Amino acid sequence: MAFKSVLSVTGADHSDQDVRTAAGLCAEVGAYLSVLIMSPPPLVMPPPPLCDGIPEWPAQRAQAIATLEKRYRQIEAFSQDMASLEKTSREIHKLLKAMRLCYDLDTEHCDKAGVSDAVRQRVLCTDLTIVGPALLNDINLGPLVINGSLFDTGKPVLVVPKGAEATLSPRRVLVGWDSRAEAAHAVREALDLLCAAEEVRVALVDREATCTGNGAEPGADIAAYLTRHGARVSVDRLASAGKPVATVLAQHAIDTSANMIVMGAYGTRRLRERLFGGVTRWIVRKPPLPLFLAR
């Protein structure tokens, strides 16, 4: 599908590099950019319970003072968060206006429990979410944003690691194929860019011929599907030799000078994958080049 609406999520304390990356991709394909700036605060502690009867003043006084000081620090932190959101918002507005893009910008201040839902609400009405290096390296915000984008909506995410050259018009693409629904969905979401690429390599790791699942000739079915759509496809069957599947895929992408990896996300049990298990966990943490994920 063509990407006409792109979402970029960034933290209030991040640099503007992630937004610049998303803006450049939107300019490349003529897409509309939505920017969400998030500032998740620490969890607010509930107020202490009221005491019955007359409190013992000396004992309660220290507790009351400590509680007030804690509330004051929470109010100060909230004020600083809001000031940071406003400052970042003004700077990004200025940046995007100078780039002459069609865009909108929103801010969100919520606790960590609300981050995924806030992202999900916006992802539902976009085609693609861009996760840049600053968000990817934010261990508090990054996983929540990726979960809200992929796990809760099924919409694709493009992960752009630090130093990678991001494009929505890649010349060479590696497709990680395992005959699962997640991989098929990733291929379908990336179909336009796959068909426009000069070369598409479908890579299978340790896949054996079977009468079900992989078929008698592993990879032939998805290669035929892509060929019918006009893609230029070859199939690479790789042996892991005891190495992790993600390591094999990443190295093969580098060896074949791929500009992007397309693969399905969360292919194993939901709970495990929600905690970033399996292939997705490794490759999201250490992607060697832009990674197009869908579930």
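How exposed is Arg-120, going by its relative accessible area? Arg-120 is partly exposed at 22%, where buried means under 20% relative accessible area, exposed over 50%, and partly exposed in between (1.4 Å probe, protein chains only). This is a predicted model, so local features need pLDDT of at least 70 and side-chain atom pairs count only at pLDDT 80 or more, while totals for chains, interfaces and linings use all residues. Residues are numbered from 1 along each chain as its sequence is written, and side-chain values use heavy atoms, leaving out hydrogens and water.

**Salt bridges**

- A search of the whole structure turns up nine salt bridges, each being a side-chain nitrogen of Lys or Arg within 4 Å of a carboxyl oxygen of Asp or Glu.
- Arg-120 pairs up with Asp-117, with 2.9 Å between the closest N and O atoms.
- Both of these residues sit in helix 3 (residues 112-123), three residues apart, or about one turn of the helix; helices (H or I, at least four residues) and strands (E, at least two) are DSSP runs, numbered from the N terminus.
- Asp-117 is partly exposed too, at 40% relative accessibility.
- Arg-201 has a salt bridge to Glu-199 at 2.8 Å between the closest N and O atoms, and another to Asp-236 at 2.7 Å, N to O.
- The Arg-201 and Asp-236 pair ties together distant parts of the chain: strand 7 (residues 199-205) and strand 8 (residues 233-238), with the two residues 35 apart.
- Asp-236 counts as buried at 11% relative accessibility, whereas Arg-201 is partly exposed at 22% and Glu-199 is partly exposed at 25%.

**Aromatic rings**

- There's one aromatic pair in the structure, counting rings of Phe, Tyr and Trp (its six-membered ring) with centres within 6.5 Å; planes under 30 degrees apart are stacked, over 60 edge-to-face, and the rest tilted.
- That pair is Phe-3 with Phe-292, tilted, at 6.0 Å centre to centre and 45° between the planes.
- Phe-3 comes from the segment before strand 1 (5-11) and Phe-292 from strand 10 (residues 291-294), 289 residues apart.
- Phe-3 and Phe-292 are both buried.

**Helix 6**

- The buried residues of helix 6 (residues 181-189) are Glu-182, Ala-183, Ala-186, Val-187 and Glu-189.
- These residues share one side of helix 6 because they cover an arc of only 165° around the axis, taken from the directions from the helix axis to the C-beta atoms.
- They pack against several elements, including strand 6 (172-176), helix 7 (191-196) and strand 10, with contact meaning heavy atoms within 4.5 Å.
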